[in-house]
Amino acid sequence: MKTITVAGSGVLGSQIAFHAAFHGYNVALYDISDAVLHKARGIFNDLAASYQHDVHASERQTNEAVERVRFTSDLGEALSGAELVIEAIPEVLEIKQDFFRKAGALAAPETVFATNTSTLLPSQFAADTGRPERLLALHFSNRIWLAPVVEVMGHAGTDNAVFEYGLSFVRSLQLMPLPLYKEQPGYITNSLIMPWLASALKLWADDVTDYQTIDRTWMVAGQSSFVPFAVVDLGGVALVQTIMLNMAQAQGDALLEKAANRLKTDYVDKGKLGRASGEGFYSYPNPAFMGEGFLKAV
């Protein structure tokens, strides 16, 4: 049985750790304090219930998965014996660089490093690892058990054997690897979704119409329940806000920056972080866009 380390016990880090443990890996889940890790234990309880409901896992299977995870705030202990380290910490370049410098000094030379970053590129912190040829990106989707794909992306210096290892690891989790053969900001998924979300957010920020009308429009015209503001809630309002602000600044888009700032003041600063917090644009577990009356004339 192999051992991996997941750094970051937030929503997605906990999901990655639980899913790997569910598929037989021993997992060390690392975060900066025991208080933060205590919150992750609550996330694990919710994940066990979701796996039992959504993929018909038995209580025994989910209990065994939890037993294969050890929680630690000691980075050296977390990295001991790890063949793979998956970083899922905040989307701040300096924080990631600092983590990889520390982890690179402590991990065994043969350990492979992976990042789950949504907005940054592996090459931006490859040198910090001290092993740039052994770094790649493994980009998991939120709610892994229902969105079973992982984008696998190296950088120009990634060893091809490490890239193939990444593909193989994803398959071992019974997920579909989506290989990218060159670095691409936003990978495949976000390269497609983020411009679509940005268009919706700009309509909302510019007071062209309200967000419910935008979602109704897409639901009817696009014949899809995959509607923009529900996607913001699913991905996490804080994460989407960060991505939109970065896009706005890179593109010089004043209206998109206005949208990002409004997300922060109206939602993030008020703790309305989306599905994970129970409230974002919609309230969960019974969001209005899924109700029978959402498409009725108002």
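Predicted model: local features only at pLDDT ≥ 70, side-chain atom pairs only at ≥ 80, totals over all residues.
Strand β6, residues 135-140, has neighbours on two sides. Strand β5 (residues 112-115) runs parallel to β6 and is joined to it by 3 bridges; within this pairing, Thr 115 has Ala 137 as its bridge partner. With strand β7 (residues 149-153), β6 pairs in the antiparallel sense, over 4 bridges, and here Leu 138 is partnered by Val 152. In a regular strand, side chains alternate between the two faces of the sheet. In β6, Leu 135, Ala 137 and His 139 point one way, while Leu 136, Leu 138 and Phe 140 point the other way. The residues of both sets are buried. Because 6 of the 6 residues of β6 are buried, the strand is largely enclosed by the rest of the structure.

A further parallel pairing links strand β1 (residues 3-7) to strand β2 (residues 26-30) through 5 bridges. Thr 5 stands opposite Ala 28 of β2. Of the 5 residues of β2, 4 are buried, so this strand too is largely enclosed by the rest of the structure.

The largest nonpolar core contains 39 residues. The residues with the most contacts inside this core are Ile 4, Val 27, Leu 29, Ile 86, Leu 138, Phe 140 and Phe 169. When neighbours within four places in sequence are left aside, Phe 169 is in contact with Ile 4, Tyr 25, Leu 84, Ile 86, Leu 138 and Phe 140. Another core, of 33 residues, lies apart from the largest one and has Ala 198, Ala 205, Val 232 and Phe 281 among its members.

Phe 281 also belongs to an aromatic cluster, together with Trp 204, Tyr 211, Phe 229, Tyr 267, Tyr 282, Phe 289 and Phe 294. The count of aromatic pairs comes to 24. Two arginine residues lie over aromatic rings. Arg 216 is placed over the face of Phe 294, at 4.4 Å from the ring centre. The charged end of Arg 131 sits over the ring of Phe 113, 4.5 Å from its centre.

The loop between β5 and β6 contains Asn 116 and Ser 123. Asn 116 has a relative accessibility of 7% and therefore counts as buried, the cut-off being under 20%. The side chain of Asn 116 reaches the backbone nitrogen of Phe 140 at 2.7 Å. Not counting residues up to four places away in sequence, Asn 116 touches Leu 138, His 139 and Phe 140 of β6, and also Leu 12, Ile 16, Glu 87, Ala 88 and Tyr 187.

Ser 123 has a relative accessibility of 39% and therefore counts as partly exposed. Apart from neighbours within four places in sequence, the contacts of Ser 123 are with His 155 and Glu 183. The side chains of Ser 123 and Glu 183 are joined by a polar contact of 2.9 Å. The C-alpha atom of Ser 123 is separated by 15 Å from that of Val 162, a residue 39 places away along the chain.

Key. Residues numbered from 1 in each chain as written. Heavy atoms only, no water. Buried < 20%, exposed > 50% of the residue type's maximum accessible area, 1.4 Å probe, protein only. Pairing = 2+ DSSP bridges. Phe/Tyr/Trp six-rings, centres within 6.5 Å; stacked < 30°, edge-to-face > 60°. Lys NZ or Arg CZ within 6 Å of the ring centre and 35° of its normal. Contact = heavy atoms within 4.5 Å. Polar contact = N/O pair within 3.5 Å; in protein donor to acceptor, adjacent residues only side chain to side chain. Core = buried A, V, L, I, M, F, W, Y, C linked by side-chain atoms within 4.5 Å.
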